Amino acid sequence: MEEIYYNTNVASYAPARIESICPEYLEDHDIIRLNGFPSVLFLFSLSGAGLLKIGDENFILNEGASIIIDADYPYSYGPFHGQNWQTRFFSFSGDLIPTIKKILAFEHYLVVHSDINDLSRTNIDNWYRLLTNQYDLINHVKIGIEVLQFFSDLKNILNCDIYSDSYTYRTYIQPTRRYIHEHYSEKITIKELANIVNISQQYLDRVYRSFLDISPQQYLLNYRISLAKKMIIQRPDLSVTEIAMHCGFSSTSQFITHFKKIIGTTPKQYRGRYTTIGRAIP
């Protein structure tokens, strides 16, 4: 078990500020918050099960399930029938909360039954390590951006699970998405993707638009840009050109053009957003 990290630093320029976090916690008593909690809570059930009351509803949070509860909304939870209930969690505040709620389309809370163990473990472990090592304003800003990406990734998982029982989705979308995720740094053509699942380029385009509301080309581009965003923040040692090449762009100018069109700013300006007083990311 780990100790809970509480953010006691008053000043924070992060768009989403972690208030508390723990990668592995034993829930050995009931938590009752009749007036809610000042920050949004993300809670993942690692093992065992918990009994939750959210507003007027009661339900069990089994192993592998998670919940997001909005700030200032009444809730309580504790071990179900005395089980050894272990969780991982983080709470956060900040200006990005309305954006995150809009992404996930929830008002007061959202229960997630999809498998996000790897997603939650990777991010929460990393954030906990950064925050408990030594207070660093740069880390707080990085984590703030990564919190938004975490919930965007969660939304993508939820969208995929909605269609996971569809024959068309399993046959054509899943294999080509997997190929993109594994070979994004290489040259990928739509003809190549269509050949993987033995259909025409036109039909693949129609399937992607039907399920994901974007073309295969746009999905590939969005995926590359999302990876580039992470690298720009997490790898200040890499130049824009190096990031462009790693993410599969044929040239730096092509990367900058697409990045600015999608994100609204250049990669250099995006990195520059995380400059703080007296210190800047190289």
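This is a predicted model: local features need pLDDT of at least 70, side-chain atom pairs count only at pLDDT 80 or more; totals for chains, interfaces and linings use all residues.

Residues are numbered from 1 along each chain as its sequence is written, and side-chain values use heavy atoms, with hydrogens and water left out. Helices (H or I, at least four residues) and strands (E, at least two) are DSSP runs, numbered from the N terminus.

**Helix packing**

- Two packed helices are described by the angle between their axes and the distance between the axes.
- Axes here are lines fitted to C-alpha atoms, for helices over the stretch in contact, and angles run from 0 to 180 degrees between N-to-C directions.
- Helix H7 (residues 216-234) packs on helix H9 (residues 252-263) at about 95°, and their axes are 10 Å apart.
- H7 and H9 are therefore roughly perpendicular (65 to 115 degrees; under 35 is roughly parallel, over 145 roughly antiparallel, the rest oblique).
- H7 brings Gln218, Leu221, Asn222, Ile225, Ala228, Lys229 and Ile232 to this contact, and H9 brings Phe255, His258, Phe259, Ile262 and Ile263 (contact means heavy atoms within 4.5 Å).
- By class, the contact of H7 with H9 has eight nonpolar, three polar and one charged residues.
- Ala, Val, Leu, Ile, Met, Phe, Trp, Tyr, Cys and Pro count as nonpolar, Asp, Glu, Lys and Arg as charged, and the others, Gly among them, as polar.
- H7 also meets H6: their axes come within 8 Å and cross at roughly 60°.
- On the H6 side the residues are Leu204, Asp205, Tyr208 and Leu212, and on the H7 side Pro216, Gln217 and Tyr219.
- The contact of H6 with H7 divides into five nonpolar, one polar and one charged residues.

**Aromatic rings**

- The structure holds 21 aromatic pairs (rings of Phe, Tyr and Trp, the last by its six-membered ring, with centres within 6.5 Å; planes under 30 degrees apart are stacked, over 60 edge-to-face, the rest tilted).
- One of them joins Tyr169 and Phe211, with ring centres 5.6 Å apart and planes at 65°, so this pair is edge-to-face.
- Tyr169 sits in helix H4 (residues 167-183) and Phe211 in helix H6 (residues 201-212), so the pair links parts of the chain 42 residues apart.
- Tyr169 is buried at 0% relative accessible area (buried is under 20%, exposed over 50%, partly exposed in between, with a 1.4 Å probe and protein chains only).
- Phe211 is buried too, at 17%.
- Phe42, Phe90, Phe92, Trp127, Phe150 and Phe151 form one aromatic cluster.

**Cysteines**

- A search of the whole structure finds zero disulfides (pairs of cysteine sulfur atoms within 2.5 Å).
- Cys22 is buried at 0% relative accessibility, and Cys247 is buried at 0% as well.

**Positive phi**

- Most residues other than glycine have a negative phi.
- Asp72 has a positive phi, near 65°, and lies in the loop between strand E7 (66-69) and strand E8 (75-79).
- Asp72 is exposed, at 54%.
- Asp213 also has a positive phi, near 65°, in the loop between H6 and H7.
- Asp213 is exposed, at 66%.

- Thr171 lies in helix H4 and is partly exposed, at 24%.
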